[in-house]
Amino acid sequence: MKNIKYLFLLLVLPIIGCSDLEEEPVSVLSPDGFFQSIQDVQTAINGSYGNMATEAFWGRKFSLPLLLRSDMVGIGDQGTAGRRKDHDNFAVADDNGMITAFWPRTYQIIAGANEAIAGGNALGLADETLNPVVAQAYFVRAYTYFHLVRLFGDIPYLDAPVQEIAAASQISKTPAAEVYANIISDLEFAKQWLPDTQSSSALPSKATAAGYLALVHLTMNSFPEAYNEAKFVIDNEGRFGLELANDFQDLFDATKQSGLKEALFTLDFNGFRDGNYGQDYMPALTGIRANQSGDIGGGWSVAVPSIEVYNRWDSRDYRKAVSLDTTGVFSGVEDNFMNFPTYDARNIQSAYIAKYARFTGQTSNGNGRGSEHNYAQLRYAEVLLIAAEALNEVTPGTTEADGYVNKVRARARNRAGVVTAFPEDVAGLSQDDFRDMVLEERRWELAFEFKRWYDIKRRDLGATAFGVGGFEERPNFTASRDYLYPLPNDELQRNPNLEPQNSGY
């Protein structure tokens, strides 16, 4: 059919990968005849969720570079693919395979959202029936563009289905400021129409949209707006069914995550392997080679914290014990990380990431490629820290801002049911000291949760983070180049309207 929408064909259904969603497999889709009911709109949106839970997006290609470009994680096994090492060393070219793989997947996610919005609007339903469902698509579109604009700057912005291939091949870039304005508009629509709570954190709620509005405004240094949106979530935590998990470890136990109320939005993996979907490689990528502990058949020693992360993280902090593996089991014997290379030369002498390899739940093939992890994209703890950081910029020295940080720290003092004295409450800091403190608090609270690179960029910390005395010295880091990815070379060849390439590439 000539008028089958080009990008909708990339949606790739049947829908699988989001384990907590109702799934209705569909084989062949023609958008012109597909949207007959509000359930069909939900099915299309589920397709976007499913495309997030793929190897090309959160399964590896998109998420791994976010880890490696932080100042907390580097390459362990130097025999791993060069396209990964280039992100760690800031030597990325415009044909980097990690980028060229996830770029089209993000636009497939967006295409699904655009089709759901257009298909839903064509049904002629009342706003009260349509908008609470289609608001999910607005959120999905905003979520995806928010990642893209932070990574690439000016990007192609599509907010409607593409009818013809020729049109898709001639689209130009949209300025980043305009992309951000569109993201905010989508999130405000989602905040208005999404329900207060959902049956699963894999579905966005009103709090999800507000939380992301807070994060978007924080990224743009719009601190009053960031504070107001975060405060809205905090003031309505009961209404939205939000609370901090009692035990920090439970947040990263795949068997317990679904019973918690801290995540505002998750990407859910299902523990079984089915083609490209449900492919979660993070446990294996971050695991210790030859380690018999856990249920992943040994890790691959790819993404490993620098030894400075272990050295500088206060051992009184329970979050350190949860986040890092300092021992492994080899031939039935437990040994510490200084001896990891003894059991496999591809290991390094450092503590490894434990958040994903320790409690994976069900896995496929015994190698961690199909964990049951729910990856929290935004947690309530981060909303509290957003409120604290933003309020400090608006009104320094408030006990309110102190209180948000102290609420997060109070949970960190609960060491598996035993309350400790560390980390202590904060009080009386200057504006500059508070700013530094809350960024460090984000470092530890959100360690290895794919946030640190974005913090480095938005606060222009690269020279310090990767310079002498930083957690990871990376002499090749150049702020004028490396705060943005290069646009994929193959996209530029297909569409010269995307020129110019980002600076330095």
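Guide: One term is needed at the outset: contact means heavy atoms within 4.5 Å. This is a predicted model, in which local features need pLDDT of at least 70 and side-chain atom pairs count only at pLDDT 80 or more, while totals for chains, interfaces and linings use all residues. Residues are numbered from 1 along each chain as its sequence is written, and side-chain values use heavy atoms, with hydrogens and water left out.

Visitor: Which residues is tyrosine 145 in contact with, leaving aside its neighbours within four places in sequence?

Guide: Tyrosine 145 touches Tyr107, Ile110, Ile155, Pro156, Tyr157, Leu158, Val179 and Ile183, once neighbours within four places in sequence are set aside.

Visitor: How many residues are in the largest nonpolar core?

Guide: The largest nonpolar core has 138 residues, and those with the most contacts inside it are Trp58, Tyr145, Phe152, Ile183, Phe448 and Trp453. Helix H6 (residues 127-152) supplies the largest share of this core, 16 residues. A second, separate core of six residues includes Leu251, Phe252, Tyr318 and Val322. A nonpolar core is a set of buried Ala, Val, Leu, Ile, Met, Phe, Trp, Tyr and Cys residues joined through side-chain atoms within 4.5 Å. Buried means under 20% relative accessible area, exposed over 50%, and partly exposed in between, with a 1.4 Å probe and protein chains only. Helices (H or I, at least four residues) and strands (E, at least two) are DSSP runs, numbered from the N terminus.

Visitor: Which residues of helix H4 are buried?

Guide: In H4 (residues 82-89), Arg84, His87 and Asp88 are buried. They cover an arc of only 100° around the axis, which puts them on the same side of H4. That arc is taken from the directions from the helix axis to the C-beta atoms. An α-helix has 3.6 residues a turn, so residues three or four places apart point the same way.

Visitor: And what do the buried residues of H4 pack against?

Guide: They pack against helix H3 (63-68), strand E1 (73-75), helix H5 (97-121) and helix H11 (282-286).

Visitor: What lines the largest cavity?

Guide: Its lining includes Trp58, His147, Arg150, Gln377, Glu449 and Lys451. H6, helix H9 (206-219) and strand E10 (374-379) are the elements that give two or more residues to this lining. By class, the lining has seven nonpolar, two polar and three charged residues. Ala, Val, Leu, Ile, Met, Phe, Trp, Tyr, Cys and Pro count as nonpolar, Asp, Glu, Lys and Arg as charged, and the others, Gly among them, as polar.

Visitor: What volume has the largest pocket?

Guide: The volume of the largest pocket is about 570 Å³. It is lined by 34 residues, of which Ser201, Leu260, Lys261, Ala263 and Thr266 are the closest to its centre. E10 gives the largest share of the lining, four residues. The lining divides into 14 nonpolar, 13 polar and seven charged residues.

Visitor: Is the phi of phenylalanine 448 positive or negative?

Guide: Phenylalanine 448 has a positive phi of about 65°, although it is not a glycine. Most residues other than glycine have a negative phi, and most peptide bonds are trans. Phenylalanine 448 sits in the loop between H17 and helix H18 (452-458), and at 4% relative accessibility it counts as buried.

Visitor: And serine 301, buried or exposed?

Guide: Serine 301 is buried, with a relative accessible area of 0%. Its phi is positive, near 55°, and serine 301 lies in the loop between H11 and strand E5 (303-305).

Note on methods
On a 1 Å grid over the protein atoms alone, a cavity is a set of points where a 1.4 Å probe fits but cannot get out, and a pocket is an open set with protein on both sides within 12 Å along at least five of seven lines; lining residues have an atom within 4 Å of a point. Grid points are joined across faces, edges and corners, and a volume is the space filled by probe spheres set on the points.
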